[in-house]
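Subject: Structure handover

Hello,

Please find the structure below. My notes on what was found in it follow.

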Amino acid sequence: MEKPWLLAMDLDGTVWDNLNISGVRPPYRRISDNEITNGDVRIKLLDDIIDFMEWCKNNGAIIISLSWNIKENALMALREFNIDRFFDYHATDYTPEKGRRLLEALKYLGDRGIKIDRSRIVYIDDRNIHMDEIKKLVGDVIFIHMWKDVDNYKKAKEIIYKNIIQSKSSRGA
């Protein structure tokens, strides 16, 4: 049995171009394959995000949202974009405590018999402000600082392939 791995995704500035979905009042409606609006503000999915999440799922990822947002707004946007299907759990809340919420997600998975080694957690965010808390509470995870470490999701795939997918096959797991 393959060891599972976890992809924890920030949303604002990482999945879509808007930096604060909490400030965009719902309801949202889809106006194209990659764009929604509330009538005043347009929000676009970032390039290659759907391909990236499909690739991660096809390579054994459990995907969670780990975002500092009003949960209802974030979930409505994910549903309207039709990408909520990629997420197995939502650790999104209107609090900056991403380390605590990541621990809660790991407990949720553990209660369902899914144990994730800390070395098999990938966290993607456009900001690194939560990393001290995550390291303190969860440990060393693979952090991809979007738009700084990588400038597109193809490069994020390369990091994941090297650290998760390829290392799994080289160990014979």
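Predicted model: local features only at pLDDT ≥ 70, side-chain atom pairs only at ≥ 80, totals over all residues.

Strands β2 and β3 form a hairpin with two residues between them. Helices (H or I, at least four residues) and strands (E, at least two) are DSSP runs, numbered from the N terminus. Two strands are said to pair if DSSP finds at least two bridges between them.

Residues are numbered from 1 along each chain as its sequence is written, and side-chain values use heavy atoms, with hydrogens and water left out.

The sheet

Five strands make an open sheet with parallel pairing, in the order β6-β5-β1-β7-β8. At its edges are β6 (89–90) and β8 (142–145), each of which pairs on one side only. Strand β5 (residues 61–65) pairs with β6 in the parallel sense over two bridges, and I64 stands opposite Y89 in β6. The pairing of β5 with β1 is also in the parallel sense, over five bridges. Here L7 has I63 in β5 as its bridge partner.

Is β5 enclosed or open to the outside? Five of its five residues are buried, so β5 is largely enclosed by the rest of the structure. Buried means under 20% relative accessible area, exposed means over 50%, and partly exposed is in between (1.4 Å probe, protein chains only). In a regular strand the side chains alternate between the two faces of the sheet. In β5, A61, I63 and S65 point one way, I62 and I64 point the other way, and all are buried.

The helices

Helix α1 (residues 49–58) has I49, F52, M53, W55 and C56 as its buried residues. These cover an arc of only 160° around the axis, which puts them on the same side of α1. The arc is that of the directions from the helix axis to the C-beta atoms. After α1 comes G60, whose phi is positive, near 90°.

Helix α3 (residues 98–111) has 14 residues and reaches 20 Å from its first C-alpha to its last, close to the 20 Å expected at 1.5 Å a residue. The expected span is 1.5 Å times one less than the number of residues. Which residues of α3 are buried? They are K98, G99, R101, L102, A105, L106 and L109. Seen down the axis of α3, the buried residues fall within an arc of 165°, so they line one face of the helix. An α-helix has 3.6 residues a turn, so residues three or four places apart point the same way. On the face of α3 turned away from its buried side are the exposed residues K107 and D111.

Backbone points in the loops

Most residues other than glycine have a negative phi, and most peptide bonds are trans. The peptide bond from P26 to P27 is cis, with omega near 10°. P27 lies in the loop between β1 (5–9) and β2.

D48 is a residue other than glycine with a positive phi, near 70°. It sits in the loop between β4 (42–44) and α1, and counts as partly exposed at 36% relative accessibility. N82, also not a glycine, has a positive phi near 60°. N82 is in the loop between α2 (71–80) and β6 and is partly exposed, with a relative accessible area of 39%.

The largest pocket

The largest pocket holds about 170 Å³ of space. Of its 13 lining residues, the closest to the centre are D10, D12, L19, W68 and R127. On a 1 Å grid over the protein atoms alone, a pocket is an open set of points where a 1.4 Å probe fits, with protein on both sides within 12 Å along at least five of seven lines; lining residues have an atom within 4 Å of a point. The lining divides into three nonpolar, four polar and six charged residues. R127 is in the loop between β7 (121–125) and α4 (131–137) and is partly exposed, with a relative accessible area of 39%.

Regards

Terms used
Points joined across faces, edges and corners; volume = space filled by probe spheres on them. Nonpolar A, V, L, I, M, F, W, Y, C, P; charged D, E, K, R; others polar.
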